[in-house]
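Hi everyone, thanks for making time.

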Amino acid sequence: MFDTAEQFSRVWRPETATTRRVLLALPEDRLGWRVTKASRTLGEMGWHIVTALHEIGAPAGLATDAPGRDSAAPATLADLADTYAVHAGEIGG
């Protein structure tokens, strides 16, 4: 639990940097891979992390214009990771 925005930011900043590194480590040629026919693709799971910034942040009162779940994903993994970094920075300051 956090008592201040500064406490949250001290944790949020390094976590978002790690998440961006993980997104960039996804193999670009495997973004269409799924564990099962019913599961999301690897790329869809990455985009879900990006859209979660809006889906979770907005109801919590965190100001962000991050894309929502109906937004189209970027064409490249680098753009996906950059979109995450920009919008995660809006939340964590």
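**Charged pairs, one by one**

Let's start with Glu6, which is partly exposed at 41% relative accessibility (buried means under 20% relative accessible area, exposed over 50%, and partly exposed in between, with a 1.4 Å probe and protein chains only). Before we go on, this is a predicted model, where local features need pLDDT of at least 70, side-chain atom pairs count only at pLDDT 80 or more, and totals for chains, interfaces and linings use all residues. Residues are numbered from 1 along each chain as its sequence is written, and side-chain values use heavy atoms, with hydrogens and water left out.

So what does Glu6 pair with? Its side chain meets Arg10 in a salt bridge, 3.9 Å from N to O. By salt bridge I mean a side-chain nitrogen of Lys or Arg within 4 Å of a carboxyl oxygen of Asp or Glu. Glu6 and Arg10 sit 4 residues apart in helix H1 (residues 5-25), so about one helical turn separates them. Helices here are DSSP runs (H or I, at least four residues), numbered from the N terminus.

Next up, Asp82 and Arg20 form a salt bridge at 2.4 Å, N to O. This pair links distant parts of the chain: Asp82 is in helix H3 (residues 77-92) and Arg20 in helix H1, 62 residues apart. Asp82 is partly exposed at 34%, and Arg20 is partly exposed at 27%.

Then there's Glu44 with Arg34, a salt bridge whose closest N and O atoms are 3.8 Å apart. Glu44 is in helix H2 (residues 42-57), while Arg34 is in the loop between H1 and H2.

And how many salt bridges does the rule give? The count comes to 4.

How values were computed. Helix = DSSP H or I, 4+ residues; strand = E, 2+ residues; numbered from the N terminus.
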